[in-house]
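Here's a quick walk through some helix packing and a few individual residues. Have the model open as you read.

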Amino acid sequence: MKTVGTLEASAVQHFLHHLVQADRPEARLPTLDFVVDELRALGVEPGRTVMVAMPNGGAFTAVVLALLAHGAVPALLPPSAPPSRIERMARALGADAIVAPRIPAELLNGEAPHLIGGIAQFATLPGADSHSHHPGEIILLTSGTSGVFSGCLHHVDSLLRNAARHVGSIGQTADDTVLINLPTHYSYAFVAQLLGTLVSGGRAVIAGPPFTPVSYRRTIEEYEVTVSSLTPALVETWRRTGRPLPAPLRRLTVGGDAFGASSVADLLAHNPNLELYLTYGLTEAGPRVSTLAAHLEPPRRHTSVGLPLPGVEVRLRTESPEDRVGELVVETDTAMLRRVGRREPSTQPDGGGPTTGDTGTPIGSPGPVRTAIGTGDLFEMDDEGYLFFRGRRPSYVISRGEKVSLRSVCEIAETLPGVRGAQAWTHENDAGEVVFTLDVYCADDSVDDQEIRRRLAKVLLRSEQPARVLVHPAAHLGWRKSVAK
């Protein structure tokens with residue numbers, strides 16, 4: 001019987017057997033061995049990189065675990081990625097195959113896709129160059145931190161180790177039922193929730209997105225969910241209902257962005273029995289870094305993301321010894337092995353490029369390799385080691401709950417025909433949300449903003465689309481080319 005990493009094969013099969021897909025509770029998944037056999041029959045060899053572009057659900061889970069069990073290397077893509085985006089991702093990641101619910105005709109070159117276990121389609125991409133990795137490895141994309149066309153190569157055992165530390169920090173056990181409704185192709189939901197439930201022996205209920213308060217309440221009550229994770233934006237959406245969280249829910253973790261102290265206080269006041277955990281992490285670190293049990297802390301710490309998880313050490317990189325705020329550097333044995341895909345043009349802290357996702361510095365041996373990673377996030381640390389988020393380097397913006405690299409958006413725009421340069425800059429919209437405008441400098445004066453938007457939509461995700469596109473003559477480009485403020 002096949003298994004995943006260091007896990008018992010029976011534990012993986014038990015997890016899949018009891019997994020519930022909220023919108024199709026009657027659906028039954030094929031066994032792990034069955035999906036593995038079909039992958040083998042299709043010629044998928046261990047070490048081969050296979051892109052997985054599937055929505056949240058049991059099929060996604062079965063395919064990813066089967067690829068890992070077979071020794072292939074899954075690369076998790078957004079299910080909404082357009083065909084041209086997938087082709088570029090394939091070149092960047094060295095993948096020549098894809099699994100999706102329905103593979104677009106543009107990727108098939110006239111060939112018919114193959115079915116896998118009756119739950120997904122598989123196809124080899126014509127003309128794509130593949131790069132082998134090692135069995136047990138997996139590629140996780142960031143939500144913009146390290147650039148659109150790159151990913152973080154992890155070993156699944158280090159992800160399982162990070163998942164175990166996370167569930168330990170929030171007291172999650174085999175008795176818990178966990179709702180997974182954040183995008184599972186990103187590390188927060190995939191590692192902290194999906195793998196966390198797998199290692200803890202609990203039951204997973206997989207739903208959406210999109211998030212709506214009505215469906216959230218119904219799912220929690222119907223399946224007696226006890227653990228849930230949300231982003232601050234989704235918590236605010238729930239708070240606007242004015243209602244307490246559904247009673248079965250005992251633990252809520254909040255991560256992915258800063259969460260205001262007033263919101264923490266309000267959430268605890270309206271849910272006196274709730275265990276509320278504020279978490280911080282980044283994909284490059286595996287991903288969880290720290291956790292605050294807010295329900296046990298005084299209000300003055302409600303703006304903190306807590307203390308580092310066991311096995312994780314942190315420090316601040318400041319410009320001078322007197323500075324209290326600096327870039328957070330994380331040292332952990334769950335960091336990525338390395339980055340794959342296109343490199344950022346600069347990784348120097350003072351050059352406008354991100355330090356986030358630096359390949360890092362391996363520290364010591366033997367045993368799991370510890371690596372120090374610059375996060376690109378600015379923190380302050382109190383005398384007891386609690387971490388307080390103070391901001392991000394301005395090369396990024398949170399859009400629709402996802403972290404978007406403005407530099408990557410500019411570089412993608414500059415690949416469009418006739419575009420000589422692009423510049424992105426952030427500002428607030430009428431709702432007080434931070435958005436960004438893209439200035440595009442074109443040599444062809446017949447190209448307008450709508451044409452640029454149409455071309456960008458073939459590559460960018462919805463969250464990466466600029467709020468405004470302003471087209472300028474290429475002669476006005478001057479010194480601003482490629483600079484994202």
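## H2 against H3

Helix H2 (residues 32–41) packs on helix H3 (residues 58–70) at an angle of about 65°, and their axes are 9 Å apart. Axes here are lines fitted to C-alpha atoms, for helices over the stretch in contact, with angles running from 0 to 180 degrees between N-to-C directions. Helices (H or I, at least four residues) and strands (E, at least two) are DSSP runs, numbered from the N terminus. H2 and H3 are therefore roughly perpendicular to each other (under 35 degrees counts as roughly parallel, over 145 as roughly antiparallel, 65 to 115 as roughly perpendicular, and the rest as oblique). Their crossing is right-handed, that is, the near helix is turned clockwise from the far one by less than a right angle, with anticlockwise being left-handed.

On the H2 side, Leu32, Val35, Val36, Leu39 and Arg40 meet Ala62, Leu65, Ala66, Leu67, Ala69 and His70 of H3, where contact means heavy atoms within 4.5 Å. By type, the residues of this contact split into 9 nonpolar, 1 polar and 1 charged. For that count, Ala, Val, Leu, Ile, Met, Phe, Trp, Tyr, Cys and Pro are nonpolar, Asp, Glu, Lys and Arg are charged, and the others, Gly among them, are polar.

A word on ground rules: this is a predicted model, so local features need pLDDT of at least 70 and side-chain atom pairs count only at pLDDT 80 or more, while totals for chains, interfaces and linings use all residues. Residues are numbered from 1 along each chain as its sequence is written, and side-chain values use heavy atoms, leaving out hydrogens and water.

## H3 against H6

H3 also packs with H6, at an angle of about 80° and with the axes 13 Å apart. That makes H3 roughly perpendicular to H6. Phe60, Thr61, Val64 and Leu65 in H3 meet Phe190, Leu194 and Leu198 in H6, a contact that divides into 6 nonpolar, 1 polar and no charged residues.

Helix H6 (residues 187–200) also holds Gln193. Is Gln193 buried or exposed? Gln193 is buried, at a relative accessible area of 2% (buried is under 20%, exposed over 50%, partly exposed in between, with a 1.4 Å probe and protein chains only). Setting aside neighbours within four places in sequence, its contacts include Val178, Leu179, Ile180, Tyr188, Ser228 and Ser229.

## One face of H4

Helix H4 (residues 83–93) has Arg85, Ile86, Met89, Ala90 and Leu93 buried. Seen down the axis of H4, these buried residues fall within an arc of 140°, so they line one face of the helix; the arc is that of the directions from the helix axis to the C-beta atoms. Their cover includes strands E2 (49–52), E3 (73–76), E4 (97–100), E7 (137–140), E8 (150–155) and E18 (338–341). After H4 comes Gly94, with a positive phi near 75°.

## H8 against H9

The axes of helix H8 (residues 232–239) and helix H9 (residues 261–270) come within 11 Å and cross at roughly 50°. H8 and H9 are therefore oblique to each other, and the crossing is left-handed. Val235, Glu236 and Arg239 of H8 make the contact with Ser263, Asp266 and Leu267 of H9. Those residues divide into 2 nonpolar, 1 polar and 3 charged.

## A loop residue

Arg324 sits in the loop between strand E16 (313–317) and strand E17 (325–332). Arg324 and Glu380 are 56 residues apart along the chain, and their C-alpha atoms are separated by 5.8 Å.
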